[in-house]
Amino acid sequence: MNRPVRTLIALAVSTSALAGCASMAPEHTRPPAATAPAYDPDYRPDGEVVASQLSYRDWFTDPRLVQLIGTALESNRDLLAATARIEQARARYRIQDSRRLPTVVANGSATRSRQPLGVNPALDAGDVEGAPDSITSNRFEVGVGVSAFELDFWGRIASLSDQARAQYLSTVAAQRAFYLSLIADTATTYYEIVETQEQIALAEATAKSREEGLRIARLRLDNGVTSALPFRQAETLLTQAEQQLSSEKLALARLRNQLAVLVGGNMPEGLRDGLTLAAQGSEPRLAAGMPSDLLLVRPDIIAAEEELRAARANIGAARAAFFPTISLTGNAGFSSNSLDGLFSSDGLGWSFGPSISLPIFDWGGREADLDLAQALEVEQVANYDKTVQTAFREVSDALAGRRYLAEQVATLERAVESQEQIAHIARLRYREGVADYLEVLDAERNLFSARQQLLTTERAWLQNRATLFVALGGGFDPAEPGPGPG
């Protein structure tokens, strides 16, 4: 490449590098955490396991649930859309960042033309015998050029590039947040399905037991041992169990449909056998850490901070708009009538010229742009604070649930044992004629309710376990497609 061409390109690149040194964006600083410095010590017994260092495969013990989560992370349509938004944001950033360097265009042309001599009296040969009546000529050109490249002396283009990059990183973090949310939603729905299946089994066993009780009550009625009242009371117990059974079957159908959507539309084949609620196992205790730790591991907080960074970069671009816009246009190349002599020094030509523009009257447009950018920064600061507060509340709620739901499960287990003894005694008293059937009716109802409540509370404890794990930033698995922890 000829020296003038190299000089033009080097000049454009070096000028753009020097021009982008300035920035008028406010310095980015992380806002102070708008939360308490520590979690409530009443329910914050710390553990040794750091959630953000565990994948969902390490945390969940149910093999069926692990398989369902893996399918959801591969096929969930919302997660696929979030991943596509990352590619969109990355492309926007690359487009904007490319404007920091000049676009160098190479061009070449070849022209062959014929000019009649009669149209140009100065070239007309008149009636000279043997003289040509036209002239045929060739024209060859080749060169490179830079067209209207803005020299970023005030950092406007650099600020817009920083804004695009921050928005791209925010999109990445938002996808990671949805990744964790999908894990939590899948686990929550799965635990509800397991509970509903156990509620159905309880209702079926209860209905079968009450069918036997109703059969005995009919025999006693037919033999004149009792009146019709105990028979009707036994019949009422059976219909209550049957009604509960139908209700739980409807809930199970809806939950399975919900789970199918989470895993991508169709339930995977060859699912492993799952565990009961009681067999899920006790988790290793998670280290809650400090609220400030969430700033580094919660992707929703990271996304909010990147949005704040983008807003501040936009302020820099708005401030730079008050200064002149300086653009550079240049080209260099060769032209010749002969292709063989195209690159000779005689055919070299070049041009170089900067231009400057500054709006004099824009009726407050630039001031309004700056006011808008500053107002957006204030909004993003508030959004960041709100995101931090929400994360703090989610962890605090899950920590409280870890303690108090466990206490409820232990209490309900004792209550079920007591209700089983009460129901057993009530049935014996009724058979011996010491008590009427109303006592049995109350005991059976209380036992059924206690068993249902125990199942519901065990499910709530498992859901809280999953919520705490995700709220502390756990769940990423390098073996799965999608985002990693970095």
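## Helix 5 and the second largest pocket

Helix 5 gives the largest share of the lining of the second largest pocket, four residues. Helices here are DSSP runs (H or I, at least four residues), numbered from the N terminus. This is a predicted model, in which local features need pLDDT of at least 70 and side-chain atom pairs count only at pLDDT 80 or more, while totals for chains, interfaces and linings use all residues. Residues are numbered from 1 along each chain as its sequence is written, and side-chain values use heavy atoms, with hydrogens and water left out.

A pocket is an open set of points on a 1 Å grid over the protein atoms alone, where a 1.4 Å probe fits, with protein on both sides within 12 Å along at least five of seven lines; lining residues have an atom within 4 Å of a point. The second largest pocket has a volume of about 240 Å³, and a volume is the space filled by probe spheres set on the points. Its lining includes Ala-177, Arg-298, Glu-394 and Ala-471. Helix 5, helix 8 (299-320) and helix 10 each give two or more residues to that lining. By class, the residues are six nonpolar, two polar and three charged. Ala, Val, Leu, Ile, Met, Phe, Trp, Tyr, Cys and Pro count as nonpolar, Asp, Glu, Lys and Arg as charged, and the others, Gly among them, as polar.

## The largest pocket

The largest pocket holds about 300 Å³ of space. Its lining has 15 residues, and Gly-213, Ile-216, Arg-427, Arg-431 and Tyr-437 lie nearest its centre. Helix 5 gives the largest share here, seven residues. The lining has seven nonpolar, two polar and six charged residues.

## The nonpolar cores

A nonpolar core is a set of buried Ala, Val, Leu, Ile, Met, Phe, Trp, Tyr and Cys residues joined through side-chain atoms within 4.5 Å. Buried means under 20% relative accessible area (1.4 Å probe, protein chains only). The largest core has 66 residues, and Phe-60 and Ile-183 have the most contacts inside it. Helix 5 gives the most to this core, with 13 residues.

Phe-60 touches Ile-183, Tyr-191 and Phe-469, among others. Contact means heavy atoms within 4.5 Å, and residues up to four places away in sequence are not counted for Phe-60. A second, separate core has 16 residues, including Ala-207 and Leu-237.

## A buried arginine

Arg-402 lies in helix 9. Arg-402 is buried, with a relative accessible area of 6%. A polar atom of its side chain lies 3.3 Å from the backbone oxygen of Leu-286.

Methods
Buried < 20%, exposed > 50% of the residue type's maximum accessible area, 1.4 Å probe, protein only. Polar contact = N/O pair within 3.5 Å; in protein donor to acceptor, adjacent residues only side chain to side chain.
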